[in-house]
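Biologist: I am new to this one. Could we go through how its parts pack together?

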Amino acid sequence: MDEYFHSVRLISDRCKGCVSCTKRCPTEAIRIRSGKAQIIESRCIDCGECIRRCPTHAKTAVTDQLADLAEYAYNVALPAPALYAQFSADIGIDAILAGLLNLGFDEVFEVAQAAELVSLAIQDYMTRGQAAKPVISSACPAVVRLIQVKFPELIDHLLPIHAPVEVAARLVRQKCSKQLQLKSEQIGVWFITPCPAKMTVIKQASDLKSSISGAIGISKIYGDLLKAIPAECLNPSLHKSTWQGIGWAVAGGETSTIKELNTLVVYGIHSVSTALEQVVMGKLTGLDYIEALACAGGCIGGALNVEDRFVAEHRMKQRKRTMETVKASDQMVSAGDYSEVLLGGERPLVEAKPVLRLDDDIMKAMSKVEEIESTLKRLPGFDCGLCGSPSCYTLAQDIAQGMASETDCIFKLREKVRDMAQTMIELANKLPPSLDKESS
């Protein structure tokens with residue numbers, strides 16, 4: 001099995017062995033063993049759902065930190081549009097960007113600017129009419145990973161265009177290399193991220209190397225940034241993006257820029273999983289494009305944000321009302337001029353990551369399938385999760401793989417204890433005369 005970097009980690013000392021995370025994980029990647037949660041790496045998609053649901057805060061996300069800027073000669077911050085929703089609408093975007101410069105970044109480049117370019121590229125791509133429909137947005141890394149591990153048959157439906165943050169990183173690297181005469185390894189490009197999945201994409205081993213040096217969680221930088229925001233911004237030209245790019249932070253922001261297409265917006269990782277199941281079964285017909293987002297409400301609901309997503313959404317609506325909405329196509333050149341950056345020869349499709357390989361030997365694998373089916377018939381089917389597996393079916397899988405036993409199910413254990421007690425009673429009533437005191 002290939003090694004896979006994961007941003008989402010378990011803090012074992014905090015874990016109390018409850019089953020909240022096992023029941024909420026969309027890929028059934030968590031088990032409770034010996035009173036502690038265990039994450040099955042091949043199944044984990046780093047969506048952060050377990051971080052949100054853990055009552056003891058035993059799940060966390062590993063991201064980079066400001067101290068890592070010292071490794072580079074020149075550092076650029078790529079703020080996600082969701083960052084703006086963490087601050088009151090009274091604090092201008094220019095002031096927030098100035099605060100990033102005060103924290104030690106040499107330059108800021110808004111991901112929202114790249115989102116405007118990607119919007120144009122999507123429009124161009126869809127008008128060609130050559131895509132397998134429905135086309136599924138590839139902007140959310142957790143959704144891409146979900147398709148890899150759970151719906152590999154939909155890989156060909158993924159939009160073959162880089163996510164806005166990757167486009168932003170490529171653009172800023174090109175500019176810095178040309179204008180500052182710096183080598184790529186001297187330039188640090190840092191995504192200020194609302195979710196752990198992007199950190200995973202950056203750090204994982206892949207033939208498609210990211211142009212991003214690292215990712216710093218919004219929650220990790222928020223306190224320092226709040227202090228660094230100037231009371232009066234002396235550089236009002238830092239903010240260059242329009243609402244069309246900033247709107248990508250909210251569910252529906254991406255598809256709002258795609259005209260004359262039958263689109264669907266679905267958010268929340270479980271809702272996304274359900275929608276993708278419907279696509280696989282052929283029930284969602286006539287759709288051209290699906291904007292799928294792992295977090296509730298879009299990126300503003302990311303696990304690494306600090307504000308409640310409803311507060312964040314309200315703030316974004318306030319910003320939208322106060323911003324002068326300018327069509328990206330009025331101030332941006334054709335997306336075709338950026339084809340090398342946006343499409344890169346059309347991004348290689350991601351590979352499937354099978355989450356359950358019973359055995360390399362086909363005969364042994366077939367035998368395990370039969371074992372799973374027979375075990376499942378003996379289990380109660382309550383899917384209570386008290387066994388440490390999220391469902392009876394996954395417990396049957398774990399048993400076939402030697403990772404669990406049938407008596408891990410408390411109902412089967414109770415049956416066995418009851419049968420043993422009955423057997424002891426029967427044995428007690430059948431003592432030989434030499435041991436039976438009452439017969440003497």
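Modeller: Angles of 65 to 115 degrees count as roughly perpendicular. The model is predicted.

Biologist: How do H4 and H6 stand to each other, roughly parallel or roughly perpendicular?

Modeller: Helix H4 (residues 111–127) and helix H6 (residues 164–179) pack at an angle of about 105°, with their axes 8 Å apart. Angles of 65 to 115 degrees fall in one class, so H4 and H6 are roughly perpendicular.

Biologist: Which residues of H6 make the contact with H4?

Modeller: From H4 come Val 111, Ala 114, Ala 115, Leu 117 and Val 118. The residues of this contact divide into 10 nonpolar, no polar and no charged. On the side of H6 the contact is made by Pro 164, Val 165, Val 167, Ala 168 and Leu 171.

Biologist: Which strands stand at the edges of the open sheet of 3 strands?

Modeller: The order is E7-E11-E10, with parallel pairing. E10 and strand E11 (residues 289–293) pair over 5 bridges. Each edge strand has a single partner strand, so one side of each is left without a neighbour in the sheet; the edge strands are E7 (135–136) and E10 (263–267).

Biologist: What is the volume of the largest cavity?

Modeller: Its lining divides into 23 nonpolar, 2 polar and 4 charged residues. H4, H6 and E11 are among the elements that each supply at least two residues of that lining. The volume of the largest cavity is about 390 Å³.

Biologist: What is the volume of the second largest cavity?

Modeller: The lining of the second largest cavity divides into 10 nonpolar, 2 polar and 2 charged residues. The volume of the second largest cavity is about 90 Å³.

Key
Residues numbered from 1 in each chain as written. Predicted model: local features only at pLDDT ≥ 70, side-chain atom pairs only at ≥ 80, totals over all residues. Heavy atoms only, no water. Axes fitted to C-alpha atoms, helices over the stretch in contact; angles between N-to-C directions. Helix = DSSP H or I, 4+ residues; strand = E, 2+ residues; numbered from the N terminus. Parallel < 35°, antiparallel > 145°, perpendicular 65-115°, else oblique. Contact = heavy atoms within 4.5 Å. Nonpolar A, V, L, I, M, F, W, Y, C, P; charged D, E, K, R; others polar. Pairing = 2+ DSSP bridges. 1 Å grid on protein atoms, 1.4 Å probe; cavity = no way out; pocket = protein on both sides within 12 Å on 5 of 7 lines; lining within 4 Å. Points joined across faces, edges and corners; volume = space filled by probe spheres on them.
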